[in-house]
Amino acid sequence: MVKVVVGIDGGATKTEAAVLTYDGVLLALGQAGPSNPAALPINEVCSNISASVINALSSVKNNVEVAVLSLSLAGYLGGVWDSEIRRCIVSGLGGYVKDARIYITEDIEAAHASAFLTGDGVIGILGTGSNFYGKYAGRRARVGGWGHLIDDEGGAYHIGALGLSIVVRSYDGRIGETTLVKYALNQYSASTIEELVAKVYSAKDVKGTIASFAKSVFEAAREGDREALLILRRETEEVALALSTVVRRLGASNIPIALMGSTYMANKDLWKPMIEAELSKLMGRQVTIGEPLIRQSCAASVIPINAGERFGGNYLVNIVNSCGIRH
């Protein structure tokens, strides 16, 4: 029986489990549905977590026993459902985890580990929403991430909403012409602005429908559209402000900074130099933004090291080699 470490990245759209040796070599990956306990019933969360682990373990040739199970979940909210999740995971995985040490943290911890492993640093996550988090000398600081209705600057929803606002304001004549009108009509297959607005408000997933327009805002900005560029400059200022606030709260002016998330990664060709320039201005030094080293499911397995778990001496080196992300 081979003992393994399992890291789990539980998100709003999917759950991924990574099975690794005690030396940090990736053996298998498995996926299942979402596992955000703030958005789903606990039994569904546990079912998807268990399915992701079983799917991964089923492709491992040797008989294995999970010695350490580290879950990093979106919507974990500081452990509100901790005991329930532990109970149903043990039930769902049975003999696989009968002697396992189980760790549960919020997904931002795995995001941080994906860029800095066990070290210090500041991250910004720019996906549908946004979140900013840092660690330094045992201290932690978190900024933003208060949800799309009142916060989340730099996220796709915020950018998409600003873009659609520009579209209707241009149509009204409150501002000048913008190619965002053409982009919006094309993207939502609408022949008029009235039809466009009706489609947005009647969509089954209004948040996702609005967030999807961020892609068009970036495309219009690449073409030099003035209004699209103004949106990105405003969002850039907010992202840089959030990152510099984390740095200030940590009291570590030279700490490394990394950005990740689907919105950023899809548009870093345009956005990275903008954010670096604004951040350098705020920080009073040249800032170079880093990126994730490893996938988040593998990064979840790193978290227990800071809690005292001891794996093989080359664990971190091997995990970067076997779980590394190519940029």
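A disulfide is a pair of cysteine sulfur atoms within 2.5 Å. This structure holds two of them. A search of the whole structure also finds 14 salt bridges and one cavity of 30 Å³ or more.

The model is predicted: local features need pLDDT of at least 70, side-chain atom pairs count only at pLDDT 80 or more, and totals for chains, interfaces and linings use all residues. Residues are numbered from 1 along each chain as its sequence is written, and side-chain values use heavy atoms, with hydrogens and water left out.

**Disulfides**

- Cys46 and Cys88 form a disulfide, with sulfur atoms 1.7 Å apart. The pair links distant parts of the chain, 42 residues apart: Cys46 sits in helix H1 (residues 42–57) and Cys88 in helix H2 (residues 82–93).
- Helices (H or I, at least four residues) and strands (E, at least two) are DSSP runs, numbered from the N terminus.
- Cys46 is buried, at a relative accessible area of 4%. Buried means under 20% relative accessible area, exposed over 50%, and partly exposed in between (1.4 Å probe, protein chains only).
- Cys298 and Cys323 form a disulfide too, their sulfur atoms 2.1 Å apart. This pair also links distant parts of the chain: Cys298 is in helix H11 (residues 296–300) and Cys323 in helix H13 (residues 315–323), 25 residues apart.
- The link of Cys298 and Cys323 is left-handed, with -65° about the S-S bond. Both Cys298 and Cys323 are buried.
- With the bonded cysteines of the protein chain numbered in sequence order, the pairing reads 1-2, 3-4.

**Salt bridges**

- A salt bridge is a side-chain nitrogen of Lys or Arg within 4 Å of a carboxyl oxygen of Asp or Glu.
- Asp82 pairs with Arg86 in a salt bridge, the closest N and O atoms being 2.6 Å apart. Both residues lie in helix H2, four residues apart, about one turn of the helix. Arg86 is partly exposed, at 29% relative accessibility.
- Glu109 and Arg140 form a salt bridge through their side chains (2.7 Å, N to O). The two come from distant parts of the chain, 31 residues apart: Glu109 from helix H3 and Arg140 from strand E8 (residues 139–143).
- Glu109 is buried, at 11% relative accessibility, whereas Arg140 is exposed, at 53%.
- Glu109 and Arg140 also belong to a network of salt bridges with Lys135.
- Lys268 forms a salt bridge with Glu291, the closest N and O atoms being 3.0 Å apart. Lys268 lies in helix H10 (residues 262–283) and Glu291 in the loop between H10 and H11, so the bridge ties together parts 23 residues apart in sequence.
- Lys268 is partly exposed, at 22% relative accessible area, and Glu291 is buried, at 14% relative accessibility.

**The cavity**

- On a 1 Å grid over the protein atoms alone, a cavity is a set of points where a 1.4 Å probe fits but cannot get out; lining residues have an atom within 4 Å of a point.
- The largest cavity holds about 30 Å³ of space. Volume here is the space filled by probe spheres set on the points, which are joined across faces, edges and corners.
- Its lining is Glu109, His112, Ala113, Leu117, Lys135, Val302, Ile303 and Asn306.
- Helix H3 (107–116) and helix H12 (303–306) are the elements that give two or more residues to this lining. H3 gives the most, with three residues.
- By class, the lining has four nonpolar, two polar and two charged residues. Ala, Val, Leu, Ile, Met, Phe, Trp, Tyr, Cys and Pro count as nonpolar, Asp, Glu, Lys and Arg as charged, and the others, Gly among them, as polar.

Technical notes: 1 Å grid on protein atoms, 1.4 Å probe; cavity = no way out; pocket = protein on both sides within 12 Å on 5 of 7 lines; lining within 4 Å.
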